Amino acid sequence: MNAQPKPLLYQTLADHYRGAIAAGVLAAGARMPSVRVLMHQHGVSLSTALQACRTLEEEGLLEARPRSGYYVLPPRRTRLAPVPEPDLASSPMWPVPAPAPYTGIHDRVSDFVAKCERYPVLTNLALAFGAPEAYPQEALKNAALRALRQHPEVLVSPVPPLGEARFRAALARRALAAGMSPSADEVLVTHGCTEAMNLALRAVTQPGDLVAVESPTYFGLLQVIESLGLRTLEIPTSPSRGLSVDALDLALSTHPQIRAVVVIPNFQNPLGVVMPDEEKARLVALCEARQVPLVEDDIYGALSDDDRPLKACKAWDRSGNVIYCGSLHKTLAPGMRLGWMLCGRWLARIRMFKHAQSRSNDALAQMAVGAFMDSHAYDRHLVRLRRQLRTQRQQMAEAIEQHFPPGTRLNLPRGGMLLWVEMPAGTSSGRVFEEALRRGIRVAPGLLFSNSERFDHFLRISCGQPMSEQVVQAVASLGRIVGATD
């Protein structure tokens, strides 16, 4: 893989003063060294010093005061209580309940979509990806044009079964940062992560089989499960540590007919939690010992605030028992639907299903994105996107704190673009969702994220949009709706 680019000078300078602020060396209210002082002390240009200060300002660490300079702001933390941990001793999920088919998820999602289409949307807080301007539109356009000029035959030539070679090679190199070491020949390109999950479950299950999933979990996964005629067990999932490996262990003992486990270990949708590495290792070892395939969805793993790549569960896989599913839908190009898989020991079977189901993805998009991912521009884009999402998450959390009624709870993730908001007890997410729609506001009700009513008093709110006045007013209106529905 190409060597990771060195941070730009302004990033290094911003990191230095970010650390000073975090350590309290520069306390809230303190004046930041002037731009001229920064230039002299650090030997940098005027533009570098200004860009470092503006970066810290965008992150909410500094504020610019006219004719006075930059000053350190108080830490922007919400005072909302965190979402509580699942009570394994008294939860209705413990002891593990009888297997249940996922009947009705299609109906719930269809009802959600139909109601969304009935009302014009003014502010969409349900979309789980960034605003178009958050992505490198011009760079991707230029990469596509270059690929077409260099390879005009691409539009009339068949695509290799696994996908375009340069794109697969770029994905394999990038996977090294997450602790994996695949060859390009192990990478299978898919139509987004949804197709990857579908292929993975088709490869390791039969209709009527039992699958263990997190609770709550992404409703798109629940749709895939229902489409394949599978039965499921919801495993308690902590908002601070992810899926309970102990609860899964009990479930595997109680229900030996479980044929697969599905997990989103990094910035789980909807909780936003990251499983600690030791829990990921335990999970992989448990599934290997029980000879149960582990299917991993890792589409948010590149969006950590601190720019340190998060390890995938696949990093601990030594036997091919983990099927890794990824996508560029959240991080780079929502319009391209480019996903990929590391299929473990099921590569031949999954290739067969892929051929039967959809054939290869078009090659032009893969060529363009492969070239972009091989450049340092991709790393710079990720840094910008992470900073932007961190600011937007913090701003959204503060707006919820200001406008939602007492009793509201949330956890503030350290990456990703989602907030899982617990409303006061007795509040129905279905009623809030419908009333919000009438006012042009779209949110994802908690009812979508489980086959039970367990999460009806939750909302998933996206932080993918910049915090404009329109978004602030939408959050304020949503808070009033929650208060009136309580």
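1. The model is predicted.

2. Helix 14 covers residues 429–438 and helix 15 covers residues 469–485; their axes are 10 Å apart and the packing angle is about 135°. Helix 14 is therefore oblique to helix 15. The crossing of the two helices is right-handed.

3. The count of aromatic pairs comes to ten. One of them joins phenylalanine 219 and phenylalanine 449, with 5.5 Å centre to centre and 70° between the planes, an edge-to-face arrangement. Phenylalanine 219 belongs to helix 8 (residues 219–227), and phenylalanine 449 to the loop between strand 16 (444–445) and strand 17 (458–462), so the pair ties together parts 230 residues apart in sequence. Phenylalanine 219 and phenylalanine 449 are both buried.

4. Tyrosine 324 and tryptophan 340 form a tilted pair, because their planes are at 55°; the ring centres are 5.3 Å apart. This pair links strand 11 (residues 322–327), which holds tyrosine 324, to strand 12 (residues 338–342), which holds tryptophan 340; the two residues are 16 residues apart. Tyrosine 324 is buried, at a relative accessible area of 4%. Tryptophan 340 is buried too, at 8%.

5. Ring pairs also build a cluster from Phe112, Tyr218, Phe219, Trp420, Phe433, Phe449, Phe455 and Phe458. Phe219 and Phe449, the edge-to-face pair of point 3, are among its members.

Note on methods: Residues are numbered from 1 along each chain as its sequence is written. This is a predicted model: local features need pLDDT of at least 70, side-chain atom pairs count only at pLDDT 80 or more; totals for chains, interfaces and linings use all residues. Side-chain values use heavy atoms; hydrogens and water are left out. Axes are lines fitted to C-alpha atoms, for helices over the stretch in contact, and angles run from 0 to 180 degrees between N-to-C directions. Helices (H or I, at least four residues) and strands (E, at least two) are DSSP runs, numbered from the N terminus. Angles under 35 degrees count as roughly parallel, over 145 as roughly antiparallel, 65 to 115 as roughly perpendicular and the rest as oblique. A crossing is left-handed if the near helix is turned anticlockwise from the far one by less than a right angle, and right-handed if clockwise. Rings of Phe, Tyr and Trp (its six-membered ring) pair if their centres lie within 6.5 Å; planes under 30 degrees apart count as stacked, over 60 as edge-to-face and the rest as tilted. Buried means under 20% relative accessible area, exposed over 50%, partly exposed in between (1.4 Å probe, protein chains only).
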